[in-house]
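Subject: Structure handover and notes

Dear colleague,

I am passing on the structure below, followed by notes on what was found in it. Please read them alongside the coordinates.

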Amino acid sequence: MSDVSGSTNQQSPGPDLPAASEQAIDRENPAVVSRRWLLLKAGVALNGLVGLALAVPVVRYLLTPVRKDSAYKSWISLGPADQFPVGETRLISYKNPWTRPWDGATDNVACYVRREGAAQFTVFAINCAHLGCPVRWFPQSQLFMCPCHGGVYYADGSRASGPPERGLFTYDYKIAGGQLQIDAGQMPSLSNSAKLVTIASPAANGAKDGDCPCRG
Amino acid sequence: MPGIKQAAKQVYDWFERRLQLEGPVKDAVLHKVPRNTASWWYVFGSAAFTLLMLQIVTGILLALVYVPSAAEAWNSLNVLNHQIPLGWFLRAVHAWGSNFMVAVVFIHMAQVFLFGAYKFPRELTWTVGVFLLLATLGMAFTGQVLRFDQDAYWGLGIGVFILSRVPWAGGALVHLLLGGPVIAGETLSRFFALHVFVIPGTLLFLALVHVWMVLKLGINEWPMPGRLVRKETYIAEYNKLAHEDGIPFVPGAFWKDLIFSAAVMAAVGVCAAVFGPSGPGGQPDPSIIQTVPKPDFPFLWIYAVLSYLPPSMETPFILIAPILMIAGLLAVPFVAGEGEKSWHRRPVAVLALSMVAVSWAVFTHLAMSTPWSPHMSAWSGDTLPVEYLREATPLVRQGAVIFQAKQCRNCHSVGGHGGERGPALDAVATRMTPDQMRYKVVTGGGNMPAYGKNLSPPEIEALVSFLETLHPKNEPPAFDPSQQSAQSSPAAPTGSDSP
């Protein structure tokens with residue numbers, strides 16, 4: 001800045017001849033200069049080292065949510081198996097097993113239970129296999145329809161039409177002590193274990209499988 | 001009076017001696033800009049910055065009340081809307097400020113592109129601008145999440161499904177996005193951190209770098225056809241232009257910035273007062289599935305594109321298109337860093353911009369009406385026009401009931417009401433013979449599910465009888481000439497119309 005006022009100059013300490021000459025000597029002495037550069041490098045290295053040491057716990061902290069699917073999932077009861085009539089699909093919700101006290105209503109997860117026989121169930125995730133919107137069941141036409149992009153699924157969860165590439169996601173289930181239990185705890189998506197579960201074939205209901213060219 | 005003036009001058013001097021800001025501020029304010037850049041076309045950048053300031057101020061004011069907790073966020077927004085005096089207005093200003101900021105940033109970018117302002121030596125200014133655009137969109141998305149209603153919840157779900165398509169790392173990315181296995185408390189907390197600390201910090205820093213470069217490199221001169229940019233000569237040419245035919249930035253050009261910024265802020269205020277705040281919609285309880293989620297305005301076009309992609313294209317498009325788009329934007333100044341700046345001599349640039357603008361407008365318009373979505377309550381709520389059933393036989397009436405009860409109406413409109421996923425059926429009998437209708441109903445195809453399993457043969461018969469009646473009075477229904485000739489011949493089989 002060219003317009004530093006004169007008073008500032010007056011306030012600054014006057015030139016000290018011995019100090020100035022000492023500085024002049026220092027500047028010309030390569031040993032001294034290289035020592036300063038070495039110290040600077042040491043300072044940078046020290047900061048890098050401390051930064052790295054602090055970064056490790058930070059990264060570990062940030063990666064906390066990344067776990068195996070099995071770490072999040074557990075068996076959850078959907079209630080007595082007898083509450084689901086054979087041949088029907090019912091909407092039911094359960095509390096997600098992985099919770100925090102401040103989750104509010106987001107803990108409630110909906111799913112569809114379809115009972116095909118005495119001990120034969122298919123439990124569908126609510127999420128459309130396209131982009132996860134909640135599908136709605138229409139018992140009259142035996143179709144699941146998605147309000148977002150128009151994905152439609154048949155009663156057995158297979159894709160009927162629209163953008164989804166696959167059928168609805170299903171949960172593994174078991175009957176324990178008369179209770180219908182599902183292995184849940186994670187939002188189903190195309191990257192987690194949901195993709196490994198194959199859609200149950202509608203053996204109980206599928207009298208005319210050949211009639212249904214589930215195209216796509 | 002002179003005493004007060006002198007005292008004020010002394011106070012000013014006291015600060016100035018310590019801050020020493022007068023020099024750099026004078027340099028910035030009085031630097032010369034080419035005369036014809038003092039134009040109304042050059043006001044969008046400063047307006048975007050003004051809107052950023054408005055968003056920061058209103059954001060801080062909202063944070064005085066907002067509770068970033070999944071259990072309480074929705075309630076606190078309702079308290080802001082209904083219980084705190086003018087809380088609704090602040091929410092509305094923040095929401096409309098966001099819409100305006102996204103719009104102004106896009107307009108600014110289009111103007112810069114059209115004026116060739118990204119060319120040498122302003123390549124880095126453009127690059128930083130691309131990241132500013134991304135940060136602005138990031139603010140819009142995270143802001144939508146903070147509104148923590150049903151749209152926010154299921155919008156996040158869409159984010160999850162997009163990220164989950166990333167090969168190998170998809171699952172980990174989803175967990176990082178959500179802060180856990182599902183959309184819940186930790187999800188909102190991390191989006192709060194992004195919306196309030198991380199992205200605004202980045203945005204502010206990048207905006208200052210952007211403005212710094214505009215000051216250091218000078219504002220882009222008005223493009224003239226035939227005045228080409230060459231790296232060897234440009235700087236000298238620009239300096240000559242700015243000094244020989246230049247005016248000081250303040251007040252020469254700055255008064256237009258000031259007036260436009262004030263107009264934009266006034267528009268935000270008027271929109272906020274007239275249209276009010278945005279939501280919150282239904283409470284974020286995922287067990288309430290009677291919802292039709294929709295993203296906010298800046299993302300409607302993506303919502304539309306995703307519904308038109310064929311299934312096989314979904315994953316490749318979702319993963320590759322954003323990378324190509326961003327890479328394309330970043331590449332612009334490095335591909336075309338020299339040469340013609342004027343839009344009169346850059347037809348490809350003008351066409352490209354027009355195409356992007358028109359596509360964006362079409363997709364956004366489509367996403368407002370979502371013709372691809374079934375109307376979930378059309379079957380139970382929409383009425384059939386009376387004239388369609390006047391003098392109808394019992395079988396036809398039965399067919400009309402089936403048409404409603406089996407949710408055909410959710411995708412097919414009749415009498416102007418119903419879904420638009422499939423074609424309107426008001427004149428279906430003129431397009432398809434009864435046999436073709438039977439086949440289509442039973443086997444489906446294209447975007448229609450197969451109803452073979454869900455309808456009994458008598459139901460199909462009744463439905464087709466109804467559909468057969470759907471044609472204008474002056475237009476005969478379609479018929480199969482081969483069948484007619486077969487029926488008129490003596491050996492023709494009769495009544496064999498089962499599928």
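Two strands are said to pair if DSSP finds at least two bridges between them, where strands (E, at least two residues) are DSSP runs numbered from the N terminus. This is a predicted model, in which local features need pLDDT of at least 70 and side-chain atom pairs count only at pLDDT 80 or more, while totals for chains, interfaces and linings use all residues. Residues are numbered from 1 along each chain as its sequence is written, and chains are lettered from A and ligands numbered from 1 in the order in which they are written.

In chain A, strand β11 (residues 179-184) pairs with strand β1 (residues 74-80) in the antiparallel sense over five bridges, and A:Trp75 has A:Asp183 of β11(A) as its bridge partner. Strand β10 (residues 173-176) of chain A also runs antiparallel to β11(A), joined to it by four bridges, with A:Ala176 partnered by A:Gln179. β10(A) and β11(A) form a hairpin with two residues between them, and A:Gly177 in the turn has a positive phi of about 60°.

As for confidence, pLDDT is the predictor's confidence in each residue, from 0 to 100. Chain A has a mean pLDDT of 79, with 76% of its residues at 70 or more. The pLDDT is below 50 over residues 1-17 of chain A, a stretch with six contacts beyond near neighbours in sequence, a contact being two residues whose C-beta atoms, placed from the backbone, lie within 7 Å. Residues 193-216 of chain A also have pLDDT below 50, and this stretch has 47 contacts beyond near neighbours in sequence.

Chain B is divided into domain 1 (13-369) and domain 2 (378-480), with bounds that come from an automatic or database domain assignment.

Best regards
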